[in-house]
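Biologist: I am new to this structure and would like to learn how to read its features. Could you take me through them in turn?

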Amino acid sequence: ELTGALAEHAKSFGVEVAKEEVVDVDFSGDIKVIKTKKNEYQAKAVIVATGTESRVLGIPGERELTGQGVAYCATCDAEFFEDQHVVVVGSGDQAIEEGMYIAKFASKITVVVLHDEGILDCNKQSAEKAFAHPKMNFVWNSVLDSIVGEEEVEGVKIKNMKTGEITDLECQGVFFFVGMVPGTKFLEGHIEL
């Protein structure tokens with residue numbers, strides 16, 4: 001509703017909206033050229049506001065089970081994990097704060113943390129709240145090795161970075177909060193990124 005209202009507001013000032021994928025640009029001249037699959041647009045100035053997408057680790061099972069228990073947005077998907085065990089990957093502000101949000105729905109949260117015990121990358125206040133939260137559990141010095149499941153997430157394999165030991169953990173969901181990637185790949189070579 002809000003984005004629709006914003007679009008209508010912009011249109012009232014003469015903005016034209018074209019829902020097309022940009023495939024190439026040429027910003028070298030005074031007139032900038034934007035090419036889509038269907039059209040070519042020219043402008044004296046271009047504002048690039050492409051947003052971001054979640055960083056993908058590329059571990060086995062991640063892409064195959066996206067939408068089947070693998071998720072990247074707590075506010076979008078947390079309610080689907082009511083009374084279930086969820087694994088959160090990451091230890092920054094987003095991971096810890098989103099993990100606590102997921103805990104409103106899930107029965108248990110296991111946070112997989114690359115660092116030594118007690119070290120999180122988030123702000124101190126969030127860390128203290130997470131450590132005190134009864135549903136938040138931490139696996140230290142570890143990374144996710146793979147996600148297990150045929151049709152949906154059934155568990156994960158966690159690798160301890162100090163010992164190399166791999167342990168199995170049963171869960172129904174995995175949320176990744178390991179950073180964001182700007183949606184600017186199509187601009188490589190055209191402008192400084």
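Predicted model: local features only at pLDDT ≥ 70, side-chain atom pairs only at ≥ 80, totals over all residues.

Biologist: Where does Asp83 lie?

Modeller: Asp83 belongs to the loop between α2 and β6. Its backbone deserves a look too: Asp83 is not a glycine, yet it has a positive phi of about 60 degrees.

Biologist: Which other residue has a positive phi although it is not a glycine?

Modeller: Asn141 is one, with a phi of about 55 degrees. Asn141 sits in the loop between β8 (136–139) and β9.

Biologist: Is Asn141 buried or exposed?

Modeller: The cut-off for buried is under 20% relative accessible area. Asn141 has 14%, so it is buried.

Biologist: How do I read a residue that falls between buried and exposed?

Modeller: Values between the two cut-offs, 20% and 50%, are called partly exposed. Val15 is at 43% relative accessibility and therefore counts as partly exposed. Val15 is found in the loop between α1 (2–11) and β1. Asp77, with a relative accessible area of 23%, is also partly exposed.

Biologist: Which element holds Asp77, and what is Asp77 in contact with, leaving aside its neighbours within four places in sequence?

Modeller: Asp77 lies in helix α2. With those sequence neighbours left aside, Asp77 is in contact with Ala71 and Phe175.

Biologist: How do I compare distance along the chain with distance in space?

Modeller: Asp77 and Ile102 are 25 residues apart in sequence, and their C-alpha atoms are 8.6 Å apart. Pro182 and Ala49 are 133 residues apart along the chain, with 9.6 Å between their C-alpha atoms. For Val15 and Thr184, 169 residues apart along the chain, the C-alpha separation is 23 Å.

Biologist: In which strand does Pro182 lie, and what does Pro182 contact beyond its neighbours within four places in sequence?

Modeller: Pro182 is in strand β13 (residues 180–182). Beyond those neighbours, Pro182 is in contact with Gly51 and Thr52.

Biologist: What does a polar contact look like here?

Modeller: Look for paired N or O atoms within 3.5 Å. The side chain of Thr36 makes such a contact with the side chain of Glu20, at 2.4 Å. Thr36 lies in strand β2 and is buried, with a relative accessible area of 10%. Leaving aside neighbours within four places in sequence, the residues in contact with Thr36 are Glu20, Glu21, Val22, Val23 and Tyr41.

Biologist: How many aromatic pairs are there?

Modeller: The count comes to seven aromatic pairs. One of them joins Phe81 and Phe175: their ring centres are 5.4 Å apart and their planes stand at 70 degrees, so the pair is edge-to-face. Phe81 is in the loop between α2 (74–77) and β6 (85–89) and Phe175 is in strand β12 (residues 173–176), so this pair ties together parts that are 94 residues apart in sequence. Phe81 and Phe175 are both buried.

Biologist: Why do Phe138 and Trp140 count as stacked?

Modeller: Their ring centres are 5.2 Å apart and their planes are at 15 degrees, so the pair is stacked. Phe138 is buried, at a relative accessible area of 18%, and Trp140 is buried too, at 15%.

Biologist: Which residues do ring pairs link into a cluster?

Modeller: One such cluster is formed by Phe81, Phe175 and Phe177.

Biologist: How should I describe a pocket?

Modeller: Give its volume, then its lining. The largest pocket has a volume of about 640 Å³. Its lining has 21 residues, and Glu16, Ala18, Val22, Ile34 and Ile47 lie nearest its centre. The elements giving two or more residues to this lining are β1 (22–26), β2 (32–36) and β3 (40–43). β3 gives the most, with three residues. By class, the lining has 16 nonpolar, three polar and two charged residues.

Biologist: What is the volume of the second largest pocket, and which residues lie closest to its centre?

Modeller: The second largest pocket has a volume of about 170 Å³. Of its 14 lining residues, Val89, Gly90, Val112, Leu114 and Val178 are the closest to its centre. Strand β9 (residues 142–148) gives the most to this lining, with three residues. The classes here are nine nonpolar, four polar and one charged.

Methods. Residues numbered from 1 in each chain as written. Heavy atoms only, no water. Contact = heavy atoms within 4.5 Å. 1 Å grid on protein atoms, 1.4 Å probe; cavity = no way out; pocket = protein on both sides within 12 Å on 5 of 7 lines; lining within 4 Å. Points joined across faces, edges and corners; volume = space filled by probe spheres on them. Nonpolar A, V, L, I, M, F, W, Y, C, P; charged D, E, K, R; others polar. Buried < 20%, exposed > 50% of the residue type's maximum accessible area, 1.4 Å probe, protein only. Polar contact = N/O pair within 3.5 Å; in protein donor to acceptor, adjacent residues only side chain to side chain. Phe/Tyr/Trp six-rings, centres within 6.5 Å; stacked < 30°, edge-to-face > 60°.
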